[in-house]
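Student: Could we go through this protein chain by question and answer? I would like each answer to end on the value or name I asked for.

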Amino acid sequence: MATSIKLVQGDTRPFIRVCVMDSQTGLAIDLSGCTVKMYFRGAEATSLQATLVGLLLPGKRLPDGAVSTEAPFDVPGSGGLTLFTFASGDLDCEEGGYMGEVEVTYRDGTKHTIYDTLPFLLREDFADSMVP
C-alpha cells in the first residue's frame with residue numbers, strides 16, 4: 001500500500017501533484033484537453049467530502065523524480081501531470097483515514113477512473129482544538 005498523504009483539518013495545502021500513468025505500459029497518459037477530478041471521501045464513507053478539479057501542468061516526470069518541460073511536454077497535461085488544491089472547508093471533517101479517486105474525462109466525453117486510490121491521513125488541527 002502507498003504511503004498516506006498527511007493532512008491537517010481545515011488546511012488548504014499541501015497541493016497534491018499527481019502523474020496519471022497507464023497501468024499497462026507504465027507511461028504517463030497525455031491529459032491535454034482533458035478534465036481531471038479527484039473525489040475525496042472518508043475511507044469507510046459512502047458519500048463524498050469534496051470534489052477537486054485538477055490544474056493541468058506542463059512537464060513530464062523523469063525517473064529521478066525531476067520534471068522536464070522540454071517539448072513536447074511543454075503543453076499542460078501532455079506528460080500526465082495535474083495539481084489538486086483543497087478549497088476552504090474541504091478538510092473541515094473528522095480526523096482519520098481518507099481516500100482520493102482520480103477520474104479523467106477526455107475531450108470526447110469518455111471517462112477513465114484510475115483504479116488505485118490515493119490514501120490520506122487527516123489529523124486534528126491543534127489551533128482549532130484549543131479552548132479560549
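Tutor: Two strands pair if DSSP finds at least two bridges between them. Helices (H or I, at least four residues) and strands (E, at least two) are DSSP runs, numbered from the N terminus. This is a predicted model, in which local features need pLDDT of at least 70, side-chain atom pairs count only at pLDDT 80 or more, and totals for chains, interfaces and linings use all residues. Residues are numbered from 1 along each chain as its sequence is written, and side-chain values use heavy atoms, with hydrogens and water left out.

Student: In E10, which residue is the bridge partner of Gly100?

Tutor: E8 and E10 are paired antiparallel, with five bridges between them. Strand E8 covers 96–105 and strand E10 covers 118–123. Within E10, the partner of Gly100 is Leu118.

Student: In which sense do E1 and E10 run, parallel or antiparallel?

Tutor: Strand E1 covers 5–8. Lys6 stands opposite Leu121 in E10. Four bridges join E1 to E10, and their sense is parallel.

Student: How many helices and strands does the protein chain have, and in what order do they run?

Tutor: The protein chain has ten strands and one helix. From the N terminus on, the order is β-β-β-β-β-β-β-β-β-β-α.

Student: Over how many bridges do E3 and E8 pair?

Tutor: Strand E3 covers 35–42. In E8, Val104 is the bridge partner of Val36. E3 also pairs with E4 in the antiparallel sense, over four bridges, and there Met38 stands opposite Leu52. With E8, E3 pairs in the antiparallel sense, and the number of bridges is eight.

Student: Which strands are the edges of the open sheet of four strands?

Tutor: The order in this sheet is E2-E7-E5-E6, with antiparallel pairing. Inside the sheet, three bridges join E5 (residues 55–61) to E7 (residues 80–84), and Leu56 stands opposite Thr82 in E7. The edge strands, each pairing on one side only, are E2 and E6.

Student: Which residues have the most contacts inside the largest nonpolar core?

Tutor: A nonpolar core is a set of buried Ala, Val, Leu, Ile, Met, Phe, Trp, Tyr and Cys residues joined through side-chain atoms within 4.5 Å. Buried means under 20% relative accessible area, exposed over 50%, and partly exposed in between, with a 1.4 Å probe and protein chains only. The largest core has 23 residues, and those with the most contacts inside it are Val20, Leu31, Phe40, Phe84, Phe86 and Phe120. The elements that give two or more residues to this core are E2, E3, E4, E8 and E10.

Student: How far is the C-alpha atom of Arg41 from that of Phe120?

Tutor: Contact means heavy atoms within 4.5 Å. Leaving aside neighbours within four places in sequence, the contacts of Phe120 include Met38, Phe40 and Tyr98, and those of Arg41 include Tyr98 and Met99. Arg41 and Phe120 are 79 residues apart along the chain, and their C-alpha atoms are separated by 9.5 Å.

Student: Why does Arg41 count as partly exposed?

Tutor: The place of Arg41 is in strand E3. Arg41 counts as partly exposed because its relative accessible area is 27%.

Student: Is Gly80 buried or exposed?

Tutor: Gly80 is in strand E7, and its C-alpha lies 5.1 Å from that of Cys19, a residue 61 places away in sequence. Not counting residues up to four places away, Gly80 touches Val18, Cys19, Val20, Ala28, Ile29 and Leu31. Because its relative accessibility is 0%, Gly80 counts as buried.

Student: Which prolines follow a cis peptide bond?

Tutor: Most peptide bonds are trans. A cis bond joins Arg13 to Pro14, with omega about 10°, in the loop between E1 and E2 for Pro14. Another joins Ala71 to Pro72, with omega about 5°, and Pro72 is in the loop between E6 and E7. The prolines asked for are Pro14 and Pro72.

Student: What percentage of the residues of the protein chain count as buried?

Tutor: The C-alpha trace spans about 55 × 30 × 25 Å along its principal axes. Residues 24 or more positions apart account for 64% of the contacts with a separation of 6 or more. Of the 132 residues, the buried share is 34%.
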